[in-house]
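This report is intended for a reader who is meeting the structure for the first time. Please keep the sequence and the model in view while reading.

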Amino acid sequence: MRVAIIALAAISATPASALSLVYNDFSNTSGLSLNGQSSTAVDAAGRDVLRVTRSAYNQSGSVFSTTPVTLGADVSFSTRFTFNFNTPLGGGADGLVFVVQTNSNDVGGYGGGIGYQGVPNSVGIEFDTWDNGQGWGDPDANHVGIDLNGNISSVKVITSPFTLDEGGDLTAWVDYNGATKLLEVRLANSLTRPAEALLSYSVDLVSVLGTPDAFVGFTSGTGSAAANHDVISWIFNDDYKPIVGGVPEPATWAMLIAGFGLVGAAARRRRALSA
């Protein structure tokens, strides 16, 4: 079903609510703000995608939730997204960053900045396809890293087990458990969640972000080389709830919300995602 949903899963008298963002594709981008050179597009497979930057030189783009999400206990969250880098120019560059940040719907530096550089109070998971050298903390032109506070020199980095820019779909899982302060990143070339994390890092994201209210989304950048940096689908849970299984169908009880205020008629209790 080609629908984008922001699903309100529980309502109470308190401001807190359980929220899941579910985009099986991006034929509808309700609830998202597209910034810089980001756009929607139809890819070579006929899919409606988020093209965070297109294959053109010196681009910078971002896509974030229009309004901030209130993260769970100790800013816990879980997310899964499928992405694809294609149509390279000059060897392909520079990659994609999944970002949780507390400032605004904006975009950081282009090129090696991957649209993330300079974004304060943030955590970013970079999928980087260009070797900018040790000064940038890059081990090679095909790596995954954990970045903090808009600094592209990753606090932890590893060569990707998959070629990021070969044009195939890859799926990433990012989970933060605020109770244990453990951030984990997984990567696969299917929707099967790996048992072992590709990257694990202990960090107090409460102190990094400074608030539980955060914009969530993606940044990208190109420089003297480029590619289409496409996000195919995306699920985000505002609490630690690791996602397994395939792409879910939109739940019949889900309601669209604007500014995280209710615009549906009634609320039902949270049902566990099948994915």
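## Strand β10 and its partners

Strands β10 and β11 (residues 143-148) run antiparallel and are joined by six bridges; two strands count as paired if DSSP finds at least two bridges between them. Helices (H or I, at least four residues) and strands (E, at least two) are DSSP runs, numbered from the N terminus. Within this pairing, I125 is opposite I146 of β11. β10 also runs antiparallel to β9, to which seven bridges join it. There, L96 has F127 of β10 as its bridge partner.

The model is predicted: local features need pLDDT of at least 70, side-chain atom pairs count only at pLDDT 80 or more, and totals for chains, interfaces and linings use all residues. Residues are numbered from 1 along each chain as its sequence is written, and side-chain values use heavy atoms, with hydrogens and water left out.

T102 lies in the loop between β9 (95-101) and β10 (122-128). With a relative accessible area of 18%, T102 is buried. Leaving out residues up to four places away in sequence, T102 touches N121, L209, T211, D213, A214 and F215; contact means heavy atoms within 4.5 Å.

## Strand β8

β8 is mostly covered, with ten of its 13 residues buried. The strand pairs with β13 (residues 170-177) in the antiparallel sense over seven bridges, and S78 stands opposite D175 in β13. β8 also runs antiparallel to β17, and ten bridges join these two strands. In that pairing, R80 stands opposite I235 of β17.

## Aromatic pairs

The whole structure holds 14 aromatic pairs. Rings of Phe, Tyr and Trp (its six-membered ring) pair if their centres lie within 6.5 Å; planes under 30 degrees apart count as stacked, over 60 as edge-to-face and the rest as tilted. The rings of F77 and F98 have centres 6.2 Å apart and planes at 50 degrees, so this pair is tilted. The pair links distant parts of the chain, with F77 in strand β8 (residues 77-89) and F98 in strand β9, 21 residues apart. F77 and F98 are both buried.

For F218 and W234, the ring centres are 5.0 Å apart and the planes stand at 70 degrees, so the pair is edge-to-face. This pair also links distant parts of the chain: F218 belongs to strand β16 (residues 213-221) and W234 to strand β17 (residues 226-237), 16 residues apart. Both F218 and W234 are buried. One aromatic cluster has among its members F77, F98, F127, F218 and W234.

## Nonpolar cores

A nonpolar core is a set of buried Ala, Val, Leu, Ile, Met, Phe, Trp, Tyr and Cys residues joined through side-chain atoms within 4.5 Å. The largest such core has 43 residues, of which F77, F83, F98, F127 and W234 touch the most other members. Apart from its neighbours within four places in sequence, F98 is in contact with residues including F77, V123, I125, F218 and W234. A second, separate core of eight residues includes F64, I114, V119 and F215.

## The chain as a whole

Of its 275 residues, 53% are buried. Among contacts between residues at least 6 apart in sequence, 67% join residues at least 24 apart. The accessible surface, from the Shrake-Rupley method with a 1.4 Å probe and only the protein chains shown counting as cover for residues, comes to about 10600 Å², of which 52% belongs to carbon and sulfur atoms.

## Confidence

The chain averages a pLDDT of 85, and 83% of the residues score at least 70; pLDDT is the predictor's confidence in each residue, from 0 to 100. Over residues 1-17, pLDDT stays under 50, and the model has 56 contacts for them beyond four places in sequence. Over residues 250-275, pLDDT is below 50, and this stretch has 62 contacts beyond near neighbours in sequence. Where pLDDT is low, the predicted coordinates should not be read in detail.

Note on methods:
Buried < 20%, exposed > 50% of the residue type's maximum accessible area, 1.4 Å probe, protein only.
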